Amino acid sequence: MALLELKNVESFYGNVQALKGISMHVNEGEIVTLLGANGAGKSTTLRSISGLLAVARGEILFDSQSVLNIPCEKVVSRGIAHVPEGRRIFPGLTVRENIMIGSSARGNLSRAKLEAEVEEMFEIFPPLERLSKSLGWSLSGGEQQMLAVARGLMSKPKLLLLDEPSLGLAPIIVQQLFATIRKIRDRGMTILLVEQNANMALSVADRGYVLVTGEITVEGTPDQLLNNEEVRSAYLGGGKK
Amino acid sequence: MANFIVINFQVLFSGLALGSIYALVALGFVLIIRATNVVNFAQGDFAMLGGFSMVAFLGAGAPYWLAILLSLVAMGVFGLIFNLGVYYPLRHRSFLPVIISTLGASIFMQNTVLYFFGPQPRPMEKVFKTSGIEVGGVFMDTQYLTILGVTIIAVAFQYFLFERTLFGKKLQATSQDKDMARLVGIPVATMIAFTFIYSAVLGGVAGILVSPVLFVSIGMGSIIALKAFSATIIGGFGDVTGSIVGALLLGVVESFGAHYISVPYKDAFAFLLLFIFLLLRPQGIFGEKISEKA
Amino acid sequence: MKKILALLALGILIAVLPYFVKISPYILNIFMQAVTYSIAVLGMTVVLGYTGQINLAQATFFGLGAYAVGLGTVDAGLNFWITLALGIAVATISGFILGLTTLRLKGHYLAMITISFQQIFDLVLNNWIDFTHGPDGIASIARPSLFGYTLTDDRSYLLLCALVLYAVIYFVWKLPHTSTGRAMRAIRENELAAEVTGVNSLKVKVIAFTISAGLAGLGGALYAAGFAYISPDNFNFARSVEFLTMVLLGGAQSAFGGVLGTSLLILLPEWLRFLKEVYLAAYGLAVILIMVFLPTGIWGLISSQAAKYRKVPHVDVDGIADLDITVPITDPAPILTLQNVQKHFGGVKAVDGLNIEVARGTVHALIGPNGSGKTTTLNVLSGIYKLSAGKMTFDGHDITDLAPYERAGLGMGRTFQNIRLFPALSVVENVMVGAQRENNPIAPGQAALRERALSALKFVGMAQSAEVIVQNLPYGHQRLVEIARALAGHPKFLLLDEPAAGLNQTEKQELVALLKRLRGHGLTIFLIEHDIGLIEQVSDRITCLNFGKQIAEGEPTHVLRHPDVITAYLGESSHGAA
């Protein structure tokens with residue numbers, strides 16, 4: 001039984017249909033990636049799962065229970081953490097505070113427990129430790145991305161939704177970031193990864209789907225996708241029409 | 001010479017006390033803006049309600065301290081009702097309907113009180129029986145001292161709440177990025193309700209403190225509100241420290257203006273100062289926070 | 001025309017009714033109040049309903065008119081008509097000044113400054129006793145004489161006020177369909193889009209405030225002579241809020257709504273006299289309820305219900321003239337040059353040193369991954385963002401510091417990624433705003449604007465929907481209307497931000513055909529697009545951005561095979577496969 005399952009999900013932005021019947025699944029312990037050009041519907045898919053966007057038709061099952069159109073706060077407590085596009089760390093809170101606030105869905109934890117968990121996060125993301133007291137807005141793009149993931153992990157999710165983590169980051173930072181993503185998966189996390197950087201995403205994923213204007217056109221393993229003409233054309237155009 | 005210092009200190013002292021009242025109202029006002037982006041034109045009326053709650057409870061025979069307690073509870077309830085009735089139905093709409101609604105709420109509150117209490121301003125006793133203490137030739141009214149004292153405590157409490165507790169951090173997160181706060185599991189609607197309740201209580205405290213000085217009247221809130229808004233803009237729209245500084249500055253300018261230039265026109269100084277800031281430096285002394293959207 | 005005459009006849013009939021039916025002086029007074037207030041409220045219709053600007057100082061302008069008459073006739077012994085003119089003049093000038101503040105202020109700030117304006121007026125009125133008589137007010141203001149006839153009879157004065165009101169109603173009713181009125185509504189709907197389409201929004205907002213204040217002054221002047229006694233209480237903040245409530249209740253966007261709201265709020269308390277104190281409280285509650293449930297007011301509700309039954313007028317598409325969009329190319333120099341253009345936000349260099357030349361009559365594409373600075377570049381080109389450094393020239397003019405509407409006036413058209421039309425306006429009105437840009441080579445007058453708009457709509461294939469309200473159109477059609485709006489200005493240059501977003505394959509091919517046609521007519525097109533296939537089909541030249549810098553520039557075949565571009569899009573390969 002898949003951990004996450006989408007069946008014929010349709011979503012709209014006002015009059016425009018963004019998702020035209022998406023069906024996909026993520027098994028426990030996998031990294032699955034959603035690829036596609038800008039505007040294809042990748043972020044929309046994540047937002048439909050986490051509750052930021054209402055779903056018009058279809059079904060979303062998590063751990064065999066429906067999470068369709070339930071409030072964001074409830075989705076988090078069910079065990080899905082969404083690290084959104086653009087990181088969106090809280091600019092006026094410190095790194096330490098950003099991390100601690102990630103646990104909000106788990107109710108009131110003792111100060112000691114929280115501090116211990118923050119230390120755990122510093123082990124996974126060592127560069128954040130020295131920035132512990134720095135305010136969110138002062139961090140670089142790569143540091144903010146790490147912080148956003150750490151914050152997401154604090155809700156102790158079963159499924160992590162990562163939306164375009166490499167956006168605006170220099171290549172070497174992206175390498176480090178993806179190494180960390182592998183590390184997190186190895187510790188037992190299931191990850192649904194949305195990425196524009198297809199090569200990087202396919203280097204860590206177990207499986208992938210390709211979205212074109214709101215529909216899934218191809219799915220398969222990284223090997224299958226890397227050598228697939230359709231993937232290429234989804235990103236770079238046909239070269240011939 | 002000593003006389004000159006004494007008089008000016010006197011004027012400064014009353015200006016600071018007055019400014020503290022504005023600061024209390026401004027604090028509540030800024031909190032609501034930061035959490036919800038709503039400019040609450042009814043903020044001053046919370047002060048008015050605070051004053052009239054006191055009148056009601058004292059009139060029913062309650063001892064002073066109990067009346068204060070009950071009034072604060074009542075203010076909390078009013079804040080919650082305001083949140084549910086005025087903010088919540090309009091939370092997704094643009095700023096214009098919301099501003100107008102808060103104006104409507106202000107009219108409603110004032111006229112409901114008018115219906116129950118009539119148009120006559122009511123006097124109210126001070127907190128302490130002694131009228132004042134004298135230090136070095138300067139006479140300091142006990143009510144003014146109380147105002148300053150309570151304001152300092154309120155500001156300290158607010159600082160503690162927001163900077164030192166996790167709950168306060170959650171409130172801050174809510175005002176910095178509402179959707180992200182939801183994604184992290186923060187119950188945003190509850191946070192906002194709390195903000196309204198807290199702001200209403202702050203307003204009520206201001207009203208209770210200033211009533212012995214100004215009399216309790218229907219319109220007392222409107223004028224205080226306008227000064228508080230001016231303070232917020234002068235200090236820097238959306239900035240907590242800025243609004244306190246702006247409020248104190250305003251109180252002092254008014255006090256000196258009344259003393260040296262003219263008493264009837266003292267209200268005009270606030271508006272003139274506001275006018276100047278809006279035209280020359282709309283972001284105020286401390287500027288707008290990064291998280292504010294234009 | 002017949003409808004107007006019929007309404008006027010009805011209006012005059014109502015106004016002379018008191019001569020035939022006995023009506024108590026008390027009731028006549030109520031009507032006089034309703035009439036004079038309506039004139040002021042119609043000012044609010046213009047500034048708030050049409051232009052979307054909040055004005056909480058309307059009672060100030062009302063008061064300026066009233067006090068001009070009061071002080072002028074009683075203290076200075078001047079003739080009423082002179083003081084009337086004076087009152088209107090003073091109110092108008094004050095409105096002009098207040099309107100100028102909109103250069104810097106919007107939203108709550110604007111609300112605040114209008115309130116402080118009002119409060120200062122109130123203070124002066126109450127405290128400058130030597131001049132204004134202070135709280136005592138001014139009594140015994142005499143009625144005016146007309147043609148030697150003094151209007152002491154309430155009925156005759158009411159007739160005069162009613163006639164003035166009808167004239168004002170006519171003016172306010174016709175305003176939305178003038179170029180200025182249309183520009184006002186565009187600003188209300190989407191100020192940014194209006195600016196970019198060619199509307200000088202500061203000028204229009206100032207005009208709105210000026211008209212609003214002038215009308216309030218007129219109303220106030222008539223009020224003063226009508227009631228013979230005025231005092232500061234009548235012209236304070238509470239009165240401004242009352243005017244606001246009246247316009248909202250009736251329906252801010254319609255002249256009739258304004259009059260309806262005023263009448264209701266003045267007449268109702270009379271009928272509900274026994275509920276007087278509770279009524280005032282209910283008044284405040286009503287404002288909240290109106291905002292939640294009836295945002296367009298009673299008239300808005302009535303007319304939207306009526307619109308359901310009205311058939312969309314048929315448009316004779318064949319009868320529309322073809323659109324002339326030809327741009328003669330006589331100058332060999334590039335139409336647009338960017339020299340070392342930079343845009344920083346705080347510490348972030350969104351655009352870091354662009355040097356681009358766009359040749360006339362070509363299609364130039366700007367590509368790059370998300371966050372590379374493409375939309376920032378477009379916004380800098382439009383004038384929405386000010387440059388941090390560098391220079392831009394367009395068609396021989398230095399446009400570096402020009403406002404968006406001025407660039408539109410030079411022949412730059414633009415569309416937006418998330419379509420920015422004027423939702424409550426009809427399709428043809430949306431396009432007419434585009435035709436209104438400065439220096440548009442078009443005959444003067446509304447008929448010419450409408451013709452041009454229809455031609456532009458015909459060009460994109462949307463003419464049959466001319467009278468449909470734009471927010472009711474499906475997405476793809478809205479896109480086309482946006483393009484038509486840009487074309488109606490006979491542009492030399494089109495900035496298109498992701499024009500293919502959300503379109504299906506067929507629609508994309510139609511877009512490609514359209515772009516090629518436009519180029520064939522001599523237009524230069526500069527576009528951002530993600531659909532590389534589409535770009536390949538249509539571009540003459542491509543610039544590729546990454547992290548705000550230009551990483552490739554040139555012919556499509558060269559740029560799309562450039563290793564840096566491929567890396568930017570597909571990312572570094574860690575397996576070595578590409």
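Student: In β5(A), which residue is the bridge partner of F62(A)?
Tutor: It's Q65(A). This is a predicted model, in which local features need pLDDT of at least 70 and side-chain atom pairs count only at pLDDT 80 or more, while totals for chains, interfaces and linings use all residues. Residues are numbered from 1 along each chain as its sequence is written, with chains lettered from A and ligands numbered from 1 in the order in which they are written.

Student: OK, and how many bridges hold β4 and β5 of chain A together?
Tutor: Two, with β4 (residues 55–62) and β5(A) pairing in the antiparallel sense. Strands here are DSSP runs of E with at least two residues, helices are runs of H or I with at least four, and both are numbered from the N terminus. Two strands pair if DSSP finds at least two bridges between them.

Student: What's the strand order in that chain A sheet?
Tutor: The order is β2-β1-β4-β5, an open sheet of four strands with antiparallel pairing. β2 (16–26) and β5 (65–66) of chain A are the edge strands, each pairing on one side only. Helix α1 (residues 42–50) of chain A packs on the sheet, where it touches β1 (4–13), β2 and β4, and its direction makes about 75° with that of β2(A). Touching means contact, with C-beta atoms, placed from the backbone, within 7 Å. The angles run from 0 to 180 degrees between N-to-C directions of lines fitted to C-alpha atoms, for helices over the stretch in contact.

Student: Let's switch to chain C. How many helices and strands does it have?
Tutor: It has 23 helices and twelve strands. Its C-alpha atoms fill a box of roughly 95 × 55 × 45 Å along the principal axes. Of the 578 residues in chain C, 51% are buried, where buried means 20 or more other C-beta atoms within 10 Å of the residue's own (exposed is 12 or fewer, partly exposed in between, with C-beta atoms placed from the backbone).

Student: What does the six-stranded sheet in chain C look like?
Tutor: It is open, with the order β8-β9-β10-β5-β11-β12 and mixed pairing. β8 (412–415) and β12 (549–554) of chain C stand at the edges with a single partner strand each, so one side of each has no neighbour in the sheet. On average, neighbouring strands are turned by 15° against each other, direction ignored.

Student: And β5(C), is it mostly covered or uncovered?
Tutor: Mostly covered, since five of its five residues are buried. V363(C), A365(C) and I367(C) are buried on one side, and H364(C) and L366(C) on the other. β5(C) (residues 363–367) runs parallel to β11(C) (residues 541–546), joined by four bridges, and it also runs parallel to β10(C), again through four bridges. Among the pairs, H364(C) stands opposite R541(C), A365(C) partners I542(C) and L366(C) partners I528(C).

Student: Which strands does α15 of chain C lie across?
Tutor: α15(C) (residues 374–382) lies across β5, β8, β9 (493–497), β10 (524–528) and β11 of chain C, at about 145° to β9(C). Helix α19(C) (residues 475–487) lies across β8 and β9 and runs at about 170° to β8(C).

Student: New topic: how many residues does the contact take from chain C and from chain B?
Tutor: 31 from chain C and 33 from chain B. On the chain C side, α5 (107–127), α11 (237–250) and α13 (276–293) each supply at least two residues. The largest share, twelve residues, comes from α5(C). By class, that side has 22 nonpolar, seven polar and two charged residues. Nonpolar covers Ala, Val, Leu, Ile, Met, Phe, Trp, Tyr, Cys and Pro, charged covers Asp, Glu, Lys and Arg, and the others, Gly among them, are polar.

Student: You mentioned α11(C). Why is it called largely enclosed?
Tutor: Because 13 of its 14 residues are buried, the rest of the structure largely encloses it. G251(C) follows α11(C) and has a positive phi, near 125°.

Student: Last one: where does T51(C) sit?
Tutor: T51(C) is in the loop between α2 (25–50) and α3 (58–75) of chain C. It has 28 C-beta neighbours inside 10 Å, so it counts as buried. K205(C) is 154 residues away from T51(C) in sequence but 7.0 Å away in space, C-alpha to C-alpha.

Note on methods:
Two residues are in contact if their C-beta atoms, placed from the backbone, lie within 7 Å.
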